[in-house]
Amino acid sequence: DRKNGITSEIPTVHSCNLIPKELVLFGDHRKESSLRDANNKAIHFFQHDYLFNPTINSKKKLTAQLDVFRRYECVILPDCSVYRNMPLPVQQYQVYNSRATGVFLENEGIKIIPSVRWGDEYSYSFCFNGLDKNSLLAVGTVGTINDADDLKYFYKGFMDMLNKLTPSGLLIFGEMPFELSYECDRRNIFVKNYK
């Protein structure tokens, strides 16, 4: 929907539904130890944005990674931060940037698993866009459940994600709060936790 030149389009990506045995941090993905048995591993971006932004924001730099990415079973899309105190257009761009990276990788024949990130309830109108229902998704909890306030927002967003996307499975990077593990179990959602 375009009106007066303004658009809220977010690209759609499609999860490969593969369950990697291990996750390898982007930045460590070229190390010999990481490349060993890479076809059973996924590259992930659960780290500070400044460590991967120079790569995902440059087609040339991202293209230079493709040969190494292809050695892995799949790539979990960049977990671009969506902080509650960010202006909404910046939050929307962060979601867009992750999905756009996914479209680029998919078009290059790389299997991907989308990562999902949200802020507060204002982000719920766009942060789940571009993701297929009933598919495998990845969620990072590191730095998002540090205190009661963070946990409250994480919980609300997680429940909204479950209701809107009804994922078939979740790859969780970090600790999973018990209440949310229970909720996934109650809904028969497969969960694999990577500590």
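You're looking at a predicted model, where local features need pLDDT of at least 70 and side-chain atom pairs count only at pLDDT 80 or more, while totals for chains, interfaces and linings use all residues. Residues are numbered from 1 along each chain as its sequence is written, and side-chain values use heavy atoms, with hydrogens and water left out.

**The largest pocket**

- The largest pocket has a volume of about 510 Å³. A pocket here is an open set of points on a 1 Å grid over the protein atoms alone, where a 1.4 Å probe fits, with protein on both sides within 12 Å along at least five of seven lines. Its volume is the space filled by probe spheres set on the points, which are joined across faces, edges and corners.
- There are 22 residues lining the largest pocket, and Tyr83, Arg117, Val142, Gly143 and Thr144 lie nearest its centre. To count as lining, a residue needs an atom within 4 Å of a point.
- Helix H5 (residues 148–165) gives the most to that lining, with three residues. Helices (H or I, at least four residues) and strands (E, at least two) are DSSP runs, numbered from the N terminus.
- Sorted by class, the lining has nine nonpolar, eight polar and five charged residues. Nonpolar covers Ala, Val, Leu, Ile, Met, Phe, Trp, Tyr, Cys and Pro, charged covers Asp, Glu, Lys and Arg, and the others, Gly among them, are polar.

**Salt bridges**

- The structure holds 11 salt bridges, each being a side-chain nitrogen of Lys or Arg within 4 Å of a carboxyl oxygen of Asp or Glu.
- Arg84 and Asp149 pair up through their side chains at 3.6 Å, N to O. This pair links distant parts of the chain, 65 residues apart: Arg84 sits in the loop between strand E5 (74–76) and helix H4 (88–107), and Asp149 in helix H5.
- Asp160 and Lys164 form another one, with their closest N and O atoms 2.9 Å apart. Both lie in helix H5, four residues apart, or about one turn of the helix.
- Shared partners also join Arg84, Asp149, Asp150 and Lys152 into one network of salt bridges.
- Arg70 and Asp67 meet in a salt bridge too, at 3.4 Å, N to O.

**Buried or exposed?**

- Asp160 counts as buried because its relative accessibility is 17%, and buried means under 20% relative accessible area, exposed over 50%, and partly exposed in between (1.4 Å probe, protein chains only).
- Arg84 is partly exposed at 32%, and Asp149 is partly exposed at 38%.
- Asp67 is exposed at 59%, while Arg70 is partly exposed at 41%.
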